[in-house]
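Good morning, and thank you for joining the meeting.

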Amino acid sequence: LLVVPETEIWPATLYAARRAGVPVFMANARISRRTLNLYKFLSPLTRLAFSGVKLIMAQSAPDAARFTELAGPGRVIDTGNLKHDLLPDPSSAGDKAAAFVKAAGWEGAPVFTAGSTHRREEPVIIEAWKEARRRVPGLKLALVPRHPERASETAAALEAAGVKFCRWSEGPVRSDCVLVDAMGLLLPFYAVSDICFVGGTLDDTGGHNLLEPALFGKPALFGPNYSNAGQAADALIKGKGGFLAGTAPELAEKISALLTVPGALPEAGAAASATLASLRGATARTMAAVASQLPPR
């Protein structure tokens, strides 16, 4: 059998598999409206290519609906996104960040971690943190750039905003902000945080993994550009375990509300965990769907 992942739709390959009698399955399949329109325009070729596909297992309901337009009913199901099953075991996050919290005098203070950030996002995040501190005195900031080699650029943004900070690489220093300039520390800092921001959502990147904070029962904040993680973002917003904030004032308001309104933070954290649990299981559903289409051994 041939299992084709995501968007690897090669008409010649699909046709060759059909000619050879090889059953074809599409797993974790996704297709944009633009690509769908292209395949519909090439409808004779598309019908031929998809004629040997036994089952299309889409990663979301909208993807399933678009594939149904393309391949017709009866051969398309929504199995969920396999990537949601690839999240690491939260117990593997380690205690490096916890040791930093203790050494830096952050114990008992609220911590806001902004992870996987990009150049255009960092001034917005810094401004939001400064504003939130007016309502939440003692709020700490862990800033984790997506690419540690950009640390000097991130440091310049902090300096321009008048923020005193320490670098992770220099060891714990009593400061209200740490610039994490090393790899492998994002999850440990999510684990010791109260609220997390996931980067790549305030610029044109399209978002990084919005579900990682939920591994630790922490709510996620993110900007409006989450095209790379649409299913997770929509589920978090609907479940109230994640929150959209596109500007520094919006970020500051949401951080402040979660930390000052009684019960808001634990409720949001529990909702984030529940959302993550609801999105998992795609691997088992995919395997079961393939097995159901194969002849018994």
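I shall go through the cysteines, the salt bridges, a pair of helices, and a few individual residues.

Please keep in mind throughout that this is a predicted model.

Let me begin with the cysteines. How many disulfides does the structure hold? The count comes to zero. C166 takes part in no disulfide, and the nearest cysteine sulfur to it belongs to C177, 7.4 Å away. Likewise, C177 is in no disulfide, with the sulfur of C166 as its nearest, at 7.4 Å. In general, a disulfide is a covalent bond between the sulfur atoms of two cysteines. Are these two cysteines buried or exposed? C166 has a relative accessibility of 2% and therefore counts as buried. C177 is buried as well, at 0%.

I turn now to the salt bridges. As a reminder, side chains of opposite charge can pair when their charged atoms come close. The structure holds twelve salt bridges, and I shall describe some of them.

One of these joins E131 and R134, whose closest N and O atoms are 2.3 Å apart. E131 counts as partly exposed, with 36% relative accessibility, while R134 counts as exposed, at 58%.

A second one is formed by the side chains of D176 and K140, at 2.5 Å from N to O. Which parts of the chain does this pair link? D176 sits in the loop between strand 7, residues 166–167, and strand 8, residues 177–179. K140 belongs to strand 6, residues 140–145, and the two partners are 36 residues apart, so the pair links distant parts of the chain. D176 is partly exposed, with a relative accessible area of 26%, whereas K140 is buried, at 10%.

A further salt bridge connects D181 with R167, the closest N and O atoms being 3.6 Å apart. D181 is in the loop between strand 8 and helix 8, residues 186–191, and R167 is in strand 7, so this pair ties together parts that are 14 residues apart in sequence. D181 counts as buried, at 15% relative accessibility.

Most residues other than glycine have a negative phi. E6, which is not a glycine, has a positive phi of about 55 degrees. Where is E6 found? E6 lies in the loop between strand 1, residues 2–5, and helix 1, residues 11–19. With a relative accessible area of 16%, E6 is buried.

N28 is another residue other than glycine with a positive phi, near 55 degrees. N28 has its place in strand 2, residues 24–29, and counts as buried at 3% relative accessibility.

Next, a pair of helices. The axes of helix 1 and helix 3, the latter being residues 43–50, come within 7 Å and cross at roughly 45 degrees. Helix 1 and helix 3 are therefore oblique to each other. Which residues make the contact? Helix 1 contributes P11, L14, Y15 and R18, and helix 3 contributes L45, L48 and A49. By class, this contact of helix 1 with helix 3 has six nonpolar residues, no polar residues and one charged residue.

I close with two individual residues. T275 lies in helix 11, residues 264–279, and counts as buried, with 6% relative accessibility. If its neighbours within four places in sequence are set aside, T275 is in contact with A235, L236 and G239.

G138 is located in the loop between helix 6, residues 122–132, and strand 6. The relative accessible area of G138 is 27%, so G138 is partly exposed. Which residues does G138 touch, leaving aside its neighbours within four places in sequence? The contacts of G138 are with A109, P110 and R133. G138 and A98 are 40 residues apart in sequence, and their C-alpha atoms are 17 Å apart in space.

Thank you for your attention; I am glad to take questions.

Note on methods. Residues are numbered from 1 along each chain as its sequence is written. This is a predicted model: local features need pLDDT of at least 70, side-chain atom pairs count only at pLDDT 80 or more; totals for chains, interfaces and linings use all residues. Side-chain values use heavy atoms; hydrogens and water are left out. A disulfide is a pair of cysteine sulfur atoms within 2.5 Å. Buried means under 20% relative accessible area, exposed over 50%, partly exposed in between (1.4 Å probe, protein chains only). Helices (H or I, at least four residues) and strands (E, at least two) are DSSP runs, numbered from the N terminus. Contact means heavy atoms within 4.5 Å. A salt bridge is a side-chain nitrogen of Lys or Arg within 4 Å of a carboxyl oxygen of Asp or Glu. Axes are lines fitted to C-alpha atoms, for helices over the stretch in contact, and angles run from 0 to 180 degrees between N-to-C directions. Angles under 35 degrees count as roughly parallel, over 145 as roughly antiparallel, 65 to 115 as roughly perpendicular and the rest as oblique. Ala, Val, Leu, Ile, Met, Phe, Trp, Tyr, Cys and Pro count as nonpolar, Asp, Glu, Lys and Arg as charged, and the others, Gly among them, as polar.
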